[in-house]
Amino acid sequence: MDPSGIAAELADYLNRDPRVDGSIGPDTELVESGRIDSLAILDLVVFVEERYGVSLTADELTPKNLASVSALASLVASRG
């Protein structure tokens, strides 16, 4: 799996979510900037698991891995 393609798809997904504050790009800070809330994070994780057929553990859902869509995409790509 290509991390940049995954990041583009995740950014597109988040940009269609009305709960997201502002436009999201591959390197936009997500959690620390307050752009997404905890419910949007949960929905994003469910989307990732269903779309890419991976199961993310609680240990993987760290601030570092959820810092941006690029960080999450890298995690997903490493699992594929």
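**Close-up 1. The buried residue S68 in the loop between α2 and α3.** In this predicted model, S68 has a relative accessibility of 9% and therefore counts as buried, the cut-off being under 20%. S68 is placed in the loop that lies between α2 and α3, and a polar atom of its side chain lies 3.1 Å from the backbone nitrogen of A71. When neighbours within four places in sequence are left aside, the residues in contact with S68 are P26, D27, T28 and L30.

**Close-up 2. Helix α3 and its buried residues.** The buried residues in α3 are V69, L72, A73, L75, V76 and A77, and the buried residues of this helix pack against both α1 and α2. One of them, L72, is shown with its surroundings: not counting residues up to four places away in sequence, L72 touches L10, L44, V48, L56, N65 and L66.

**Close-up 3. The largest nonpolar core.** In soluble globular proteins, nonpolar side chains tend to be buried together. Here the largest nonpolar core comprises 26 residues, and those with the most contacts inside it are L10, L14, V48, V69 and L72. Two or more residues are given to this core by each of the elements α1 (3-15), α2 (38-52) and α3 (69-79), with the largest share, seven residues, coming from α2. Two of the residues with the most contacts inside the core, L10 and V48, are also among the residues that L72 touches.

**Close-up 4. The aromatic pair of Y13 and F47.** A pair of aromatic rings is described by the distance of the centres and the angle of the planes. The count for this model comes to one aromatic pair, formed by Y13 and F47, whose rings are stacked with 4.1 Å from centre to centre and 10° between the planes. Because Y13 lies in helix α1 and F47 in helix α2, the pair ties together parts that are 34 residues apart in sequence. Y13 is buried, with a relative accessible area of 18%, and F47, at 19% relative accessibility, likewise counts as buried; both values fall under the 20% cut-off, which is why neither residue is classed as partly exposed.

**Close-up 5. The charged end of R51 and the ring of Y52.** In this view the charged end of R51 sits over the ring of Y52, at 5.1 Å from the centre of that ring.

Terms used. Residues are numbered from 1 along each chain as its sequence is written. This is a predicted model: local features need pLDDT of at least 70, side-chain atom pairs count only at pLDDT 80 or more; totals for chains, interfaces and linings use all residues. Side-chain values use heavy atoms; hydrogens and water are left out. A nonpolar core is a set of buried Ala, Val, Leu, Ile, Met, Phe, Trp, Tyr and Cys residues joined through side-chain atoms within 4.5 Å. Buried means under 20% relative accessible area, exposed over 50%, partly exposed in between (1.4 Å probe, protein chains only). Helices (H or I, at least four residues) and strands (E, at least two) are DSSP runs, numbered from the N terminus. Contact means heavy atoms within 4.5 Å. Rings of Phe, Tyr and Trp (its six-membered ring) pair if their centres lie within 6.5 Å; planes under 30 degrees apart count as stacked, over 60 as edge-to-face and the rest as tilted. A charge sits over a ring if NZ of Lys or CZ of Arg is within 6 Å of the ring centre and within 35 degrees of the ring normal. A polar contact is a pair of N or O atoms within 3.5 Å; within protein, one must be able to donate a hydrogen and the other to accept it, and residues adjacent in sequence count only if both atoms are side-chain atoms.
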